[in-house]
Amino acid sequence: MFKHFSLCAVCMAFADVTFSAPPSADLAFNDQLNRHDVSRWQLADGWQNGYPFLNRWESKAVTFSSTGMSIELVSDPLLDEQEQRTFYSGELRSHDFYAYGCYEIDIKPINAPGVVTSFFLFSGPYDKPIDGSGRHNEIDIEFLGSNTNMVQMNFWTDDDYYSNSHETLIFLGFDASQNFHRYGISWTKKYLEWFIDGQSVLKVRNNRYDPIPNARHSRMRIMANVWAVDTQLSNWAGLFDTGKESHYLARYRNFSFKPNRGCD
């Protein structure tokens, strides 16, 4: 059902933010995301990454209800001093850093050119556990809003310059924006594997010449966000219309983490 091929994409940079961590990273847990569990999750608020992100982060863009979590991408009501339209969106970040295991979540992404809906694991020079290497490591699931009949998987290993990415597009056979589907990342010492609705769609084995992230060197935060892509990168995610009022909504629910095991 699923087909994939490799594709070069964008190098992303994340802001310099750290949070305190409760001692729970070795325990399995489930979260329906129908309320904000402040012991586990932090909402990004009042800052921005800069290029290639067009939006800033505001906690008000993330809401919780009986049906799960929603992340909005919204235009501000007034133009800025340069008479340009500005935008804000939301980002969920775990307080703690996590290691090998199965990470799964239900997602209904945004279908709009230039908008990315994501779920990923991340650490970097300014976003690291106390015993971490401080190098950039990341494992991604990203929906490119120009075509939600596919999803992009990716990872970086000890790569502060985002120079050696591993983008792979998975063709779904359905429009992901129409219904919830379950997406999973299986991170082990020997391999990375991505799942959709319980089916393996991509597996990358560790090797000495092109290694996958190593939890001994860097555990990672669990993160989810929605963002507008700079128009210079429209060949990747589509052209985001900066001239009109915007209000887009992605939905997430039923997160689970199972340590030290795969998703199969």
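At 29% relative accessibility, Asp 158 counts as partly exposed, a class that lies between buried, meaning under 20% relative accessible area, and exposed, meaning over 50%, as computed with a 1.4 Å probe on protein chains only. Asp 158 lies in the loop between β12 (150-156) and β13 (168-171), where strands (E, at least two residues) and helices (H or I, at least four) are DSSP runs numbered from the N terminus. The phi of Asp 158 is near 45°, a positive value in a residue other than glycine. Most residues other than glycine have a negative phi, and most peptide bonds are trans.

The model is predicted, so local features need pLDDT of at least 70 and side-chain atom pairs count only at pLDDT 80 or more, whereas totals for chains, interfaces and linings use all residues. Residues are numbered from 1 along each chain as its sequence is written, and side-chain values use heavy atoms, with hydrogens and water left out.

A second residue with a positive phi is Asp 197, whose phi is near 50° although Asp 197 is not a glycine. Asp 197 is placed in the loop between β15 (191-196) and β16 (199-205), and with a relative accessibility of 42% Asp 197 is classed as partly exposed. A further backbone feature is found at Tyr 51 and Pro 52, which are joined by a cis peptide bond with omega at about 5°; Pro 52 lies in the loop between β3 and β4.

Rings of Phe, Tyr and Trp (for Trp, its six-membered ring) pair if their centres lie within 6.5 Å, and planes under 30 degrees apart count as stacked, over 60 as edge-to-face and the rest as tilted. By this rule the count comes to 16 aromatic pairs. One of them is the tilted pair of Phe 53 and Trp 227, with 4.1 Å from centre to centre and 35° between the planes. This pair links distant parts of the chain, for Phe 53 is in the loop between β3 (41-43) and β4 (56-57) while Trp 227 is in strand β17 (residues 221-228), 174 residues apart. Both Phe 53 and Trp 227 are buried. Trp 227 also forms a tilted pair with Trp 236, at 6.0 Å centre to centre and 40° between the planes. Why does Trp 236 count as buried? Trp 236 counts as buried because its relative accessibility is 9%, and Trp 227 does so at 1%.

Elsewhere, Phe 29, Trp 41, Tyr 98, Tyr 103, Phe 119, Phe 255 and Phe 257 form one aromatic cluster. Over the face of Phe 29 lies Arg 40, at 3.8 Å from the ring centre, where a charge sits over a ring if NZ of Lys or CZ of Arg is within 6 Å of the ring centre and within 35 degrees of the ring normal. Lys 203 is likewise over the face of Tyr 191, at 4.2 Å from the ring centre.

Turning to the annotated positions, the unreviewed UniProt entry lists Glu 138 and Glu 142 under "active site"; UniProt positions are given in the numbering used here, feature names are shortened, and annotations may be inferred rather than shown by experiment. Glu 138 is found in strand β11 (residues 137-144), and Glu 142 lies in strand β11 as well. Glu 138 is buried because its relative accessible area is 0%, and Glu 142 counts as buried at 2% relative accessibility. The side chains of Glu 138 and His 136 are joined by a polar contact of 2.8 Å, a term for a pair of N or O atoms within 3.5 Å; within protein, one must be able to donate a hydrogen and the other to accept it, and residues adjacent in sequence count only if both atoms are side-chain atoms.

The side chain of Arg 93 makes a polar contact of 3.2 Å with that of Glu 91 and one of 2.4 Å with that of Asp 127.

The protein chain averages a pLDDT of 91, and 91% of the residues score at least 70, pLDDT being the predictor's confidence in each residue, from 0 to 100. Over residues 5-21 the pLDDT is below 50. Where pLDDT is low, the predicted coordinates should not be read in detail.

Definitions and conventions
Contact means heavy atoms within 4.5 Å.
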